[in-house]
Every structure is written in structure tokens, then in C-alpha cells.
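This briefing covers a single structure, shown below. The notes after it are grouped by topic.

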Amino acid sequence: MPVAILLTRLEADVKSYLNITPAQAVALCDDFESYGITTFEQFEDAFYYQTESWRADEDMAEHLFTEVDCQELHPAIEGCIDWQVVWDSHYRFDFWSVCIDETTYYFFNS
């Protein structure tokens with residue numbers, strides 16, 4: 001018989017919001033306090049993006065550049081961009097992330 005996991009209010013709210021398992025919610029919330037997240041409202045304000053990509057930082061950089069900054073790439077250079085360099089040199093300073101079971105969750109730095 002599986003062991004029941006008792007969730008804090010924040011863990012339960014995060015579990016419901018992201019539709020994840022109780023164990024995933026606990027793992028995700030483990031570092032929240034060190035980033036000043038103690039309530040669900042703070043979580044909602046900080047949470048930005050999630051991806052299951054094996055190249056999560058690159059996916060995030062491309063998303064920020066094309067979807068948020070609304071920059072269009074010419075098809076001739078689209079495959080030539082090193083999105084990891086873009087992430088490392090431009091975007092990583094504004095976010096922190098947690099990877100749980102092959103899903104990476106991104107949060108705004110406060």
C-alpha cells in the first residue's frame with residue numbers, strides 16, 4: 001500500500017495548479033523558502049514557464065526571445081543560433097529554475 005504524503009497548503013495548491021503528483025509538489029516546493037516564496041500568491045507571481053525539453057534553458061531563451069520579446073528570426077539563421085549562449089549571457093540573471101522528473105520550472109528572481 002502506498003504511503004500517503006501530507007502536503008502543506010502551499011504544496012497542495014502548487015500540486016493542483018500544475019496538475020502534478022504530491023511527491024513532485026513536495027520536491028518543487030523544497031527550495032521555495034530560500035527564494036522568499038511562502039504563499040501560493042507568491043508562487044503565482046514568481047512562476048513563469050515550464051518545459052519538458054531536454055534542452056530546457058535553450059527552450060526558455062528561444063521562448064523569451066520569440067514569444068515574449070516578439071522578435072522574428074529570418075529562416076536562414078533560425079537554426080544557427082546558440083540558444084544556450086543567449087540564455088547564459090542574457091536571460092539567466094532574471095530567473096531561477098527547478099527540474100523535477102524531466103520537467104523544468106522557471107521562476108522570476110525577486
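At 72% relative accessibility, Asn19 lies above the 50% cut-off and therefore counts as exposed. This value, like those below, comes from a predicted model.

**Loop residues with positive phi**

- Most residues other than glycine have a negative phi.
- Asn19, which is not a glycine, has a positive phi of about 55°, and its place is the loop between α1 and α2.
- Glu102 is likewise not a glycine and has a positive phi of about 70°.
- Glu102 sits in the loop between β2 and β3, and its relative accessibility of 68% makes it exposed.
- Asp101 belongs to the hairpin of β2 and β3, which has two residues between the strands, and takes a positive phi near 50°.

**Nonpolar cores**

- In soluble globular proteins, nonpolar side chains tend to be buried together.
- The largest nonpolar core has 18 residues, and those touching the most other members are Val14, Leu28, Phe32, Phe43 and Phe107.
- Two or more residues of this core come from each of α1 (9-18), α2 (22-29), α3 (40-46), β2 (95-100) and β3 (103-108).
- A second, separate core has eleven residues, among them Tyr49, Leu64, Leu73 and Tyr106.
- Beyond its neighbours within four places in sequence, Phe107 contacts Leu28, Phe32, Phe43, Ala46, Phe47, Tyr48, Asp94, Phe95 and Trp96.

**Strand pairing around β3**

- Five of the six residues in β3 are buried, so this strand is mostly covered.
- β3 pairs with strand β1 (residues 47-51) in the antiparallel sense, over four bridges.
- Within that pairing, Gln50 has Tyr105 of β3 as its bridge partner.
- β2 and β3 also run antiparallel and are joined by six bridges.
- Ser97 has Tyr106 of β3 as its bridge partner.
- In a regular strand the side chains alternate between the two faces of the sheet.

**The α4 and α5 helix pair**

- Helix α4 (residues 56-68) packs against helix α5 (residues 83-91) at an angle of about 70°, and their axes are 8 Å apart.
- The two helices are therefore roughly perpendicular to each other, a class that spans 65 to 115 degrees.
- On the α4 side the contact is made by Asp57, Glu58, Met60, Ala61, Glu62, Leu64 and Phe65, and on the α5 side by Trp83, Gln84, Val86, Trp87 and Tyr91.
- Sorted by class, this contact of α4 with α5 holds eight nonpolar, one polar and three charged residues.

Notes:
Residues are numbered from 1 along each chain as its sequence is written. This is a predicted model: local features need pLDDT of at least 70, side-chain atom pairs count only at pLDDT 80 or more; totals for chains, interfaces and linings use all residues. Side-chain values use heavy atoms; hydrogens and water are left out. A nonpolar core is a set of buried Ala, Val, Leu, Ile, Met, Phe, Trp, Tyr and Cys residues joined through side-chain atoms within 4.5 Å. Buried means under 20% relative accessible area, exposed over 50%, partly exposed in between (1.4 Å probe, protein chains only). Contact means heavy atoms within 4.5 Å. Two strands pair if DSSP finds at least two bridges between them. Axes are lines fitted to C-alpha atoms, for helices over the stretch in contact, and angles run from 0 to 180 degrees between N-to-C directions. Angles under 35 degrees count as roughly parallel, over 145 as roughly antiparallel, 65 to 115 as roughly perpendicular and the rest as oblique. Ala, Val, Leu, Ile, Met, Phe, Trp, Tyr, Cys and Pro count as nonpolar, Asp, Glu, Lys and Arg as charged, and the others, Gly among them, as polar.
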